[in-house]
Each structure stands twice: as structure tokens, then as C-alpha cells.
Amino acid sequence: MEPQSPFKPGTLAHRVALVTGGGSGIGLEIARQLGLHGAKVVISGRREAVLRDACQTLGAEGVAAHWGDVRRYEDCERMAAEAVARFGRLDTLVNCAAGNFLSPAEQLSSNGFRTVLEIDALGTFNASRAAFEALRASGDACIINISMTLHYGATWWQAHASAAKAAVDALTRSLGLEWGHYGIRTAGVAPGPIEGTAGMAKLAPSGGAGSATAAASMSGAIPLGHMGRRWDIAMACVFLCSPAAAFITGHTLVVDGAEWMCKPPL
Ligand code: HXC
């Protein structure tokens with residue numbers, strides 16, 4: 001059963017958030033929790049049917065969905081403009097749209113590498129840049145970039161995603177540096193293994209979350225003894241969007257049960 005949120009329901013009252021990639025997985029849970037904590041939420045994504053289903057799942061009045069591909073700057077401009085048109089302002093942008101697959105570098109095509117770079121890194125820049133004027137007008141805004149930990153060392157068959165998320169982390173720092181005086185904080189959240197996500201299904205295809213054995217062996221390698229939940233990532237986002245994080249910018253918060261830095265005992 002999902003734990004109760006430790007935050008008050010009105011923690012994000014009067015805020016308007018745009019969540020790219022908010023139609024499914026971690027993005028959908030982030031959108032749901034921002035909404036449960038009082039924010040009006042706009043989700044965006046590339047699959048209209050997924051967005052429709054997500055709106056039904058979210059089922060609240062303060063929710064809207066807009067089709068768009070973060071690789072296209074004009075789509076990002078439209079998403080930001082529509083969020084402002086619908087709810088009157090934009091205070092929070094969560095860059096969650098991402099693409100990934102496993103591929104040995106020597107088999108990865110140039111277009112495959114570019115595609116992931118464009119969705120993750122260019123998409124994060126596009127959405128942030130397109131939302132800049134609206135976020136600046138808010139006067140108390142934040143951008144949350146969803147990253148990962150697989151590029152802290154090096155991960156097999158993840159050259160493309162590692163390069164992309166390293167760029168995302170660099171953007172988190174750069175925008176934290178440059179946009180702070182506009183009243184825009186920028187933070188990252190780096191999830192570890194999160195159960196039941198597309199990422200896990202793709203990156204652990206021998207079973208991932210679907211195989212009890214694979215899940216148990218993965219959980220055993222995590223110091224906290226279990227995989228993360230989408231809820232854990234969403235709670236980190238609620239915190240980072242809230243006034244409790246008012247002095248945090250340019251930083252990426254790792255939410256992984258210490259998985260990335262853990263080595264087996266000697
Ligand atoms: C090798 C592949 C491939 C694969 C696609 N490509 N899938 N190469 N192995 N499995 C190559 C294609 O051959 C093509 O290159 C190029 O990538 C573009 O593929 P398209 O299918 O045309 O692109 P598109 O339709 O835009 O799809 C993008 C995608 C897709 C990334 C490939 O999977 C996607 O959009 N997924 C979104 C959802 C998702 O992946 N979520 C998980 C994120 S998890 P050529 O040369 O043939 O033209 C995550 C963090 C995980 O990000 C961290 C967990 C710990």
C-alpha cells in the first residue's frame with residue numbers, strides 16, 4: 001500500500017506545474033502527487049491515447065494534457081503557452097520526458113544516439129528555455145530535471161543515455177547558476193531502480209520488475225534492501241518544488257537507496 005504523504009495537502013497550493021513525459025510511469029506519479037498537494041498540473045507527451053488515459057487516472061479538475069514532442073522547440077513553446085492560458089501562470093516545470101534502450105556502443109547507430117540525446121538533453125533545454133518567460137513572471141519558480149545515476153560511473157550498453165543524462169545534470173547546474181536571480185531554482189532528481197517502470201523493463205529485460213528472482217537479486221544489491229517506488233521520486237519532487245527547498249538550486253538529489261555507490265563486500 002502506498003504510504004501517506006508527509007507533506008500537507010496545500011503544500012503546493014496556487015502553483016501551476018508542467019510535467020513533460022507526464023502521461024505514464026514516473027512522470028504520471030509526479031503529476032499525481034503535485035496535484036494531490038494542491039498544484040494545477042499540465043502533462044505533456046507524444047502519445048495522445050496515453051495522455052487521455054492519464055487525465056482519467058488523475059481525474060481532477062486542475063489537470064490538462066497537451067500533445068507535444070520536446071525535441072521540437074515550437075511544441076515546447078506551445079505547451080508553456082497553453083499552461084499559462086489554461087491556469088493563468090506557470091511556476092514549476094518538471095522535465096521527465098526521456099527515451100532509452102539497451103545497445104552496445106558498437107551497434108548503436110548515429111541516429112539512435114542522437115535520438116536519446118535529443119529527447120533527454122535537448123528536450124530539457126527546449127522545455128526550460130520555452131518556459132523561461134513564464135517562470136520568470138512567476139517570481140518563485142522551479143525546474144526539476146529527472147536524471148539517473150547510470151553515468152556516475154559507466155554502465156554497459158548505456159553510452160547514449162549516459163551522455164544524455166550527464167548533459168541534463170550539467171544543465172541543472174548551469175540553469176541553477178544563471179537563472180537564480182530571476183527567481184527560478186533548478187534541481188535534479190536522479191532515480192535508482194524503480195519498480196514497475198518502463199526504464200526497468202527496458203534495462204533489465206531478463207525479467208526486471210516482472211521476474212521475482214531478478215527483482216529479489218536487484219533488491220539485495222541495494223543497501224536499503226528494496227527497489228524504489230514511483231512515489232519516492234514524486235515525494236522528492238514535491239519537496240524540491242516546495243518552500244522547504246527555497247535555498248536549493250543547481251543540485252541533483254539522488255533517490256536510489258544508495259544503489260549506485262554500493263559495491264559487493266570484499
Ligand atoms: C538500438 C534503437 C533501439 C534499440 C530505437 N533505436 N530503439 N537502437 N536498440 N532498442 C534506434 C532506431 O533504430 C533509430 O535509429 C533511432 O533509435 C530512433 O528510433 P525511433 O524509433 O525512430 O525513435 P522514436 O520513435 O523517437 O523513439 C525513441 C525511443 C523510444 C527512445 C527509441 O524507445 C522511446 O521514445 N521511448 C520513450 C519511452 C522510454 O524509453 N522510457 C524509458 C526511459 S528510462 P536508426 O539508425 O535505425 O534510424 C530512462 C532512465 C532509466 O530514461 C534509468 C533506470 C535506472
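So, helix H1, residues 25–36, and helix H8, residues 230–241: their axes come within 8 Å and cross at roughly 50°. Please keep in mind that this is a predicted model. Two packed helices are described by the angle between their axes and the distance between the axes, and here we have both values. An angle that is under 35 degrees would count as roughly parallel, and 65 to 115 as roughly perpendicular; H1 and H8 are therefore oblique to each other. The crossing of the two is right-handed.

Who makes the contact? From H1 we have Gly25, Ile26, Glu29, Ile30, Gln33 and Leu34. H8 brings Arg230, Trp231, Ile233, Ala234, Met235, Cys237, Val238 and Cys241.

While we are on H8, let me point out Phe239, which lies in that helix. If you want a sense of distance, take Glu61: Phe239 and Glu61 are 178 residues apart in sequence and 23 Å apart in space, C-alpha to C-alpha.

Now please turn to helix H3, residues 73–87. H3 has 15 residues and reaches 21 Å from its first C-alpha to its last, close to the 21 Å expected at 1.5 Å a residue. Which residues of H3 are buried? They are Asp75, Cys76, Met79, Ala80, Ala83 and Phe87. Looking down the axis of H3, you find these buried residues within an arc of 135°, so they line one face of the helix.

What covers the buried residues of H3 includes strand S1 (16–20), strand S2 (40–45), strand S3 (63–67) and helix H4 (110–138). On the face of H3 turned away from its buried side, you will see the exposed residues Glu74 and Ala85. After H3 comes Gly88, whose phi is positive, near 90°.

Glu48 has 11 C-beta neighbours inside 10 Å and counts as exposed. Glu48 and His66 are 18 residues apart in sequence, and their C-alpha atoms are 8.3 Å apart in space.

Thanks, everyone!

Key
Residues are numbered from 1 along each chain as its sequence is written. This is a predicted model: local features need pLDDT of at least 70, side-chain atom pairs count only at pLDDT 80 or more; totals for chains, interfaces and linings use all residues. Helices (H or I, at least four residues) and strands (E, at least two) are DSSP runs, numbered from the N terminus. The expected span of a helix is 1.5 Å times one less than its number of residues. A residue is buried if 20 or more other C-beta atoms lie within 10 Å of its own, exposed if 12 or fewer, and partly exposed in between; C-beta atoms are placed from the backbone. The arc is that of the directions from the helix axis to the C-beta atoms. Two residues are in contact if their C-beta atoms, placed from the backbone, lie within 7 Å. Axes are lines fitted to C-alpha atoms, for helices over the stretch in contact, and angles run from 0 to 180 degrees between N-to-C directions. Angles under 35 degrees count as roughly parallel, over 145 as roughly antiparallel, 65 to 115 as roughly perpendicular and the rest as oblique. A crossing is left-handed if the near helix is turned anticlockwise from the far one by less than a right angle, and right-handed if clockwise.
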